[in-house]
Amino acid sequence: MPLYLKAVSVIILIQDLMLCNKMNTRSNWISCSRIRSIYIFFLLLLVSVNVQGQGKFIFTPQWTAQAQFAGYYVALEKGFYKEAGLSVEIVHPSPTQPALKRICENQSHATTLQLCQAMEIIDEGVELVNILQTSMNNAMVIVSRRGVNPLTQKGERVGIWSAGFGQLAKCMNIKEKLNYQWIPSATNVNLFVAGAVDATLAMSYNEYYQLVQTGLPVNEKCVYRFCDHGYNVQEDGVYMTREYYEKHRAEAKKFAQASRRGWEWAAAHPEETLDIVMKYVHDNQIVTNRILQKLMLEEILRLQINRESGKREFRLRPDMVKRASDLMLECKLLKHEVTYEQLIAK
Amino acid sequence: MKLRVISLIKKSLPLRLSLLVVIFAAIVLIAALGFMFGVSRQAIRQEAINRATDQLDNTIQRVTNILDKVEVSANSTEWLVRRHLNFPDSMFVYSHQVLENNPDLNGCSIAFEPYYYPERGRYFSAYSFNDNGKILTTQEGNEHYEYFYLDWYQLCKLLDCPIWTEPFLDYNPDDINSEEMIASYCKPMKNENGEYIGTVSVDISLGWLSKIISAVKPYPNSYSMMIGQGGTYFVHPDTNKLVYQSIFTESMDHPDSAMVELGHAMQRGEHGMRQLKVDNEDCYVFFKPLGSTGWSVAIVCPESDIFGSFNKLRRTVTGTVFGGLLLLMLVCSLSIRHELKPLTHLALQAETIASGDFSKTLPHDGRSDEVGRLSESFTNMQHSLVNYIEELKDTTTQKASIERELKVASEIQMSMVPRMFPAFPSRKDIDLYASISPAKEVGGDLYDFFIQDEKLNFCVGDVSGKGVPASLFMAVTRNLFRIVAQQGHAPVEIANQINTILAKDNDQAMFVTMFIGKVDLRTGHLDYCDCGHNAPVIDGQFLDMKHHNQPLGLIEDVPFYGESMENIKGKQILLYTDGLNEAENSNQEILGNERLIELMQGVQSMDARQVVDMLAAAVEEHRAGAEPNDDLTLLCLRVEG
């Protein structure tokens, strides 16, 4: 098996596990496992034909339905994709069908990834193209349980996602010489609430509000925001394999433009956008509520604004790519430098 | 409107008295009812607390008994496992046995740390689960299911103690609607050295727990709920909140410190009661922790339920009392109005009488109380008033008659003194002018002058007192002067004779001050006799006299002394009464002799009339509008050479 396929398998399996864990399923993991075996088989075959929806553009967000993907739901519901001449279908990942697997199997044509995630995958040999960058700021935070500055908690237990996303935190831990004891977990929030960890990593739009929702007294004193301490690296963007991109440039461009239009509409109509998000949330039986989704949408939209220009720019910043690559190389999370040119759609 | 009501209350005595009675009654009733309601409410509240607390205790006891069985099965399994660690295959038997012995349980895992059994690889977890009554057992861990990253495994490892996980929804991916809420009791396993080696986990469906807790309903609209350690609702009648929301969720959008405080108290494992608004309704919330699970159960009782009957009774009683007070006010008002009706009638009659109709007869209803006595007194007053008015009419008529007579008397009195000026038109050598101004209709001042045998006789007098007696005395004195002076006597003789006549039979002890003078017009020689009168002013200076004599009419046989001046030709002589130098203004300040002398300076060029007019004007100015306090008589004379 080529190296990049191995890398893809590992990442797919991590995402698969992540989604299984999120569902907290105990008795059904066996059936999940059975399905996994089947998909690994398919992965090995790597059938590079479009098995679903001939002529349809399948988009798979990297996570279950939530306001993090509001712009894409809006673009679909408001007909922006249709106006662009695209027949788009949004297929959320499942334990048996994680996003990256769908991309590699050509079952989906695009997915969302964080910049550091995408760089890790590219470093493993999978060529990905960023066709739309939505996030302009980093959302990762460390929240301390004891109401103290996380930078003072040297050597203490800090929750981290067992499914990944913690690249930047690992770099920061090395550079700041904090010697955190990482506690990988499927759901950081519960460990934190129960007092099993001293601090936890969280996304400012997701786990952060989940922590607030548990009634814990969270204030700025006990929150370390990566974006404010020299680790401001962009996150969510839309990626597809370079192979697919080379063959469908026009389609990719149209999807990116219509998606951008969806985000701009969402920023202008937050209440209606929230209605659309909640429709997807209900359809997918996601354990959340409108208030959490409202806060998530507000934060996601805030993160899309470039701090320096004050505008929603929808572009990958070369300086941030360089910053992320240098950090990950220095901390040995990358074997090679990943450049801006490697990421962008030329 | 408010002013109209106040005005009405002020005008109506019955209304005012009724209000006083009602207000007093209301204060007494409100105090009594307030005390009664307060005590009753406290008793009902205490009863509700006891009732809810009992039900909460019973429910928690029931649930705890069941959860205890789960804990016991996990503990006994852990005990077995520790004694047979060398037989990994026996773990499958133990987990299977747990479900066989406890059919209500959903699953049991005996999971070990990675590579605990090197020959079994990284993952080893014996897992049995109940698949619709059929118990299936398998090795759970593999690279797709890394159990050691999951809460149930991580929590008891990190906390190093048995724990209950937060309840979670377990559902079949093939049938997404078949949700079931599961909770796991997890106990850490340790080897003989006390090192952590894995976790025993027993799963139980919480459907029964939800039913038991939901059934607790001490009041018709009350309900029960349960939250986990993270505040999430795991039992709640609103399915939209169940699992999806925590007790703090709504506070994130609309801050509710009372609800947050309740959530924190429940999370801390406290038990107690809070009074707060839940879904905009005042509620009592009774809460208690559920054993060692970290979960907390609460009963929410709307205040309207607890105090429903009490509030109804209170409303009824309050309404009745209010109605009673209104009725009391009505009865009071009518009774008082009836009792005071004669007063109203009396007031109307009095108004008629006050308008001048004295013929109106006042009612007599034969009452002997205060109102009757007032009515009688009023009738007496009316009679007195009628009599008084009649007397007043007579008096007024008499007064008008007297005034008319006084006017005639005044005219007669004025006609007694010479009032034609110039007094001697044919005599260019005599410049004489005089005026008399009584303070009342008639006065007691007098003056007179006449020429006889080329001698000018003149006098100015002032009778003691004022009014009619003084005027009559003045008339007598003036006539006496004219009669005696015409006999050619010197002024001192004139004074002697007048005094003798006036002093006789002077029972009223009246007297008159007088200055009597006689000028020989040929030589300018002046003889004079001052009878207690003001000193004349000659050429701006008071006349320096040796003898002032007594006033005329006081004592009969007292001698008078006369004086003389050699030649007064060209001199300006002013005779006056004390109405000039003792004229008072409104502050009772007199004009004074100094002012008189001041006024008489530089008037040598004026003729007699101008001098008299100037002095009269000065007196008028000094009085400044005040009523004259005395008669004023002025006489100015100059004999030219």
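Two residues are in contact if their C-beta atoms, placed from the backbone, lie within 7 Å. By that rule, residues 24 or more positions apart account for 62% of the contacts in chain B with a separation of 6 or more.

This is a predicted model: local features need pLDDT of at least 70, side-chain atom pairs count only at pLDDT 80 or more, and totals for chains, interfaces and linings use all residues. Residues are numbered from 1 along each chain as its sequence is written, while chains are lettered from A and ligands numbered from 1 in the order in which they are written.

## Chain B overall

Chain B holds 16 helices and 22 strands. Both are DSSP runs, numbered from the N terminus: helices are H or I with at least four residues, strands are E with at least two. Of the 641 residues of chain B, 34% count as buried. A residue is buried if 20 or more other C-beta atoms lie within 10 Å of its own, exposed if 12 or fewer, and partly exposed in between.

## A sheet in chain A

Chain A has an open sheet of 5 strands, with mixed pairing. The order is E7-E6-E8-E5-E9. Its edge strands are E7 (181-185) and E9 (223-225), each pairing on one side only. From one strand to the next, the twist averages 30 degrees. Strands of a sheet pair through backbone hydrogen bonds, either parallel or antiparallel. Here, two strands pair if DSSP finds at least two bridges between them.

Strand E6 (residues 157-161) of chain A runs parallel to strand E8 (residues 199-203) of chain A, and 2 bridges join them. Gly159(A) has Thr200(A) in E8(A) as its bridge partner.

How many bridges join E5(A) to E8(A)? There are 5, and the two strands run antiparallel. Ile142(A) stands opposite Leu201(A) in E8(A). E5(A) also pairs with E9(A) in the antiparallel sense, over 3 bridges. There, Ile142(A) stands opposite Tyr224(A).

Strand E5 (residues 140-144) of chain A is largely enclosed by the rest of the structure, because 5 of its 5 residues are buried. Met140(A), Ile142(A) and Ser144(A) point one way from E5(A). Val141(A) and Val143(A) point the other way.

## Two helix pairs

The table sets out the packing of a helix pair from each chain. Axes are lines fitted to C-alpha atoms, for helices over the stretch in contact, and angles run from 0 to 180 degrees between N-to-C directions.

| Helix pair | Angle | Axis separation |
|---|---|---|
| H10 (341-354) and H11 (370-416) of chain B | about 10 degrees | 10 Å |
| H3 (70-77) and H12 (270-283) of chain A | about 95 degrees | 9 Å |

H3(A) is therefore roughly perpendicular to H12(A). Angles under 35 degrees count as roughly parallel, over 145 as roughly antiparallel, 65 to 115 as roughly perpendicular and the rest as oblique. On the H3(A) side, the contact uses Ala70(A), Tyr73(A), Val74(A) and Glu77(A). They meet Thr273(A), Ile276(A), Val277(A) and Tyr280(A) in H12(A). The contact residues of H3(A) with H12(A) divide into 6 nonpolar, 1 polar and 1 charged. Ala, Val, Leu, Ile, Met, Phe, Trp, Tyr, Cys and Pro count as nonpolar, Asp, Glu, Lys and Arg as charged, and the others, Gly among them, as polar.

H10(B) and H11(B) are roughly parallel to each other. Pro342(B), Leu343(B), Leu346(B), Ala350(B) and Ile353(B) in H10(B) meet Val371(B), Ser375(B), Phe378(B) and Gln382(B) in H11(B). This contact has 7 nonpolar, 2 polar and no charged residues.

H10(B) has 14 residues and reaches 20 Å from its first C-alpha to its last. That is close to the 20 Å expected at 1.5 Å a residue, where the expected span is 1.5 Å times one less than the number of residues. Gly356(B) follows H10(B) and has a positive phi, near 115 degrees.

## Backbone exceptions

Most residues other than glycine have a negative phi, and most peptide bonds are trans. Which peptide bond is cis, with omega near 5 degrees? The bond runs from Phe421(B) to Pro422(B). Pro422(B) lies in the loop between H11 and strand E13 (430-437) of chain B.

Lys177(A) is not a glycine, yet its phi is positive, near 55 degrees. Its place is in the loop between helix H7 (167-175) and E7 of chain A. Lys177(A) counts as exposed because it has 7 C-beta neighbours inside 10 Å.

Asp539(B) also has a positive phi, of about 50 degrees. Asp539(B) is found in the loop between strand E18 (537-538) and strand E19 (541-542) of chain B. With 16 C-beta neighbours inside 10 Å, Asp539(B) counts as partly exposed.
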